[in-house]
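This report describes selected local features of one protein chain. Please keep the sequence and the coordinates at hand while reading.

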Amino acid sequence: MRQILFSGVIGLFLTLVGTPLLIKLLARKGYGQYIRDDGPRDHHSKRGTPTMGGIAFILATLIAYALTKLLTGEDPTISGVLVLFLMAGMGLVGFLDDYIKIVKQRSLGLRAKAKMLGQLVVGIAFAVLALNFKDLRGNAPASDRLSFTQDFGWQIGPVLFVIWALFMILAMSNGVNLTDGLDGLATGASVMVFGAYTFIGIWQYQESCAITGVRSCFEVRDPLDLAVVAAALMGACFGFLWWNTSPAKIFMGDTGSLALGGALAALAILSRTELLLAILGGLFVLITMSVVIQVGSFRLTGKRVFKMAPLQHHFELKGWSEVLVVVRFWIIQGMCAIVGVGIFYAAWAARK
């Protein structure tokens with residue numbers, strides 16, 4: 001359990017101290033945020049705020065994990081490394097998108113096909129690797145069964161698993177990306193979900209089939225290390241939130257949002273809680289659905305359901321202040337995380 005404490009504290013410290021250094025570097029380079037003219041007018045004052053801040057918590061998480069292993073003398077696990085791989089890989093795709101937008105002055109960033117190709121390459125590599133590296137009990141990091149609070153149903157096979165994993169990765173990455181529209185909104189919401197996955201990883205470790213062998217045990221390859229990575233991400237995002245909350249001194253950009261979405265999908269897949277992620281990360285789902293509804297309604301009827309999508313901007317245009325929207329959406333996300341953890345615990349208790 002020392003690993004979880006160390007990774008969380010180190011991640012928190014690194015972003016608290018390192019983010020202002022990154023802010024100065026990005027400001028000196030002139031890497032400022034582009035603001036859409038058709039968005040809420042209050043956002044125009046944010047033009048030029050340093051972006052690509054996701055670099056801060058990506059590096060902090062990687063360093064926190066490495067230092068934790070060094071300080072505790074524990075070996076890294078393939079599950080922990082895979083989560084970090086997907087986070088960093090998706091973050092790299094987001095970084096290239098941000099870099100082209102800001103440095104090359106191309107407002108759309110990476111071309112859609114190139115961006116999708118990058119995400120597919122990283123996602124497929126993760127999914128294929130996750131089905132290998134079985135432990136002594138025959139457990140690979142991922143399972144080719146669907147899961148809610150644990151695996152259920154029939155095996156879908158490696159091909160369908162890769163497709164399913166790609167869907168989850170793309171859905172969560174885009175969900176976090178859409179949520180990242182107000183100061184601190186996506187960061188604070190992510191902290192809550194990573195906190196939930198820290199708890200889930202600890203519980204799965206304590207009730208692991210390799211330890212207890214009872215009917216209610218969990219067949220997860222490296223649950224404790226998943227908790228270590230989740231704690232590092234939670235701490236790193238918490239520290240970043242100090243600088244990202246309103247008025248934000250830095251934005252995470254696609255670098256951060258794609259990385260966080262990838263990490264959330266990886267934790268869900270490797271902890272065998274894939275469908276539960278829709279509840280744990282309910283705010284991301286809600287905001288994504290608002291865009292789907294808006295686009296679908298306009299194409300079918302020519303009318304818009306919301307004043308503006310994603311959903312947070314709808315409430316801004318209704319007169320809510322940015323801080324009010326963020327706090328109330330944090331409350332919604334907090335309730336989603338609590339309900340998700342409650343369902344996870346209740347499902348375990350019902351199997352006892």
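The sections below treat helix packing, individual helices, backbone features and selected residues.

The model is predicted: local features need pLDDT of at least 70, side-chain atom pairs count only at pLDDT 80 or more, and totals for chains, interfaces and linings use all residues. Residues are numbered from 1 along each chain as its sequence is written, and side-chain values use heavy atoms, with hydrogens and water left out.

**Packing of α4 and α5**

Two packed helices are described by the angle between their axes and the distance between the axes. Here, helix α4 (residues 112–130) packs against helix α5 (residues 157–179) at about 130°, and their axes lie 9 Å apart. Helices are DSSP runs (H or I, at least four residues), numbered from the N terminus. Axes are lines fitted to C-alpha atoms, for helices over the stretch in contact, and angles run from 0 to 180 degrees between N-to-C directions.

The pair α4 and α5 is therefore oblique; angles under 35 degrees count as roughly parallel, over 145 as roughly antiparallel, 65 to 115 as roughly perpendicular and the rest as oblique. The crossing of α4 past α5 is right-handed, a term used if the near helix is turned clockwise from the far one by less than a right angle.

On the α4 side, the contact (heavy atoms within 4.5 Å) is made by M116, Q119, L120, G123, I124, F126, A127 and V128. On the α5 side, F161, V162, A165, L166, I169, L170 and S173 take part. By residue class, the contact of α4 with α5 comprises 12 nonpolar, 3 polar and no charged residues. Ala, Val, Leu, Ile, Met, Phe, Trp, Tyr, Cys and Pro count as nonpolar, Asp, Glu, Lys and Arg as charged, and the others, Gly among them, as polar.

Helix α7 (residues 223–244) has 22 residues, which at 1.5 Å a residue should span 32 Å; the end C-alpha atoms are 30 Å apart, in agreement. The expected span is 1.5 Å times one less than the number of residues. In α7, 18 of the 22 residues are buried, so this helix is largely enclosed by the rest of the structure. Buried means under 20% relative accessible area, exposed over 50%, and partly exposed in between (1.4 Å probe, protein chains only).

Helix α8 is mostly covered, with 18 of its 18 residues buried.

**Backbone features in loops**

| Site | Value | Loop |
|---|---|---|
| S246 and P247, cis peptide bond | omega about -5° | P247: between α7 and α8 (253–270) |
| A309 and P310, cis peptide bond | omega about 5° | P310: between α10 (282–301) and α11 (311–317) |
| M52, positive phi | about 65° | between α1 and α2 (54–72) |

M52 is buried, at a relative accessible area of 1%. R272 also counts as buried, at 5% relative accessibility, and its positive phi comes just after α8.

Q3 belongs to helix α1 (residues 2–29) and is buried, with a relative accessible area of 9%. Leaving aside residues up to four places away in sequence, Q3 touches T68, K69, T72, E74, L224, D225 and V228.

A88 lies in helix α3 (residues 78–102) and counts as partly exposed at 29% relative accessibility. A88 and A263 are 175 residues apart along the chain, and their C-alpha atoms are separated by 8.7 Å.

Methods: Helices (H or I, at least four residues) and strands (E, at least two) are DSSP runs, numbered from the N terminus.
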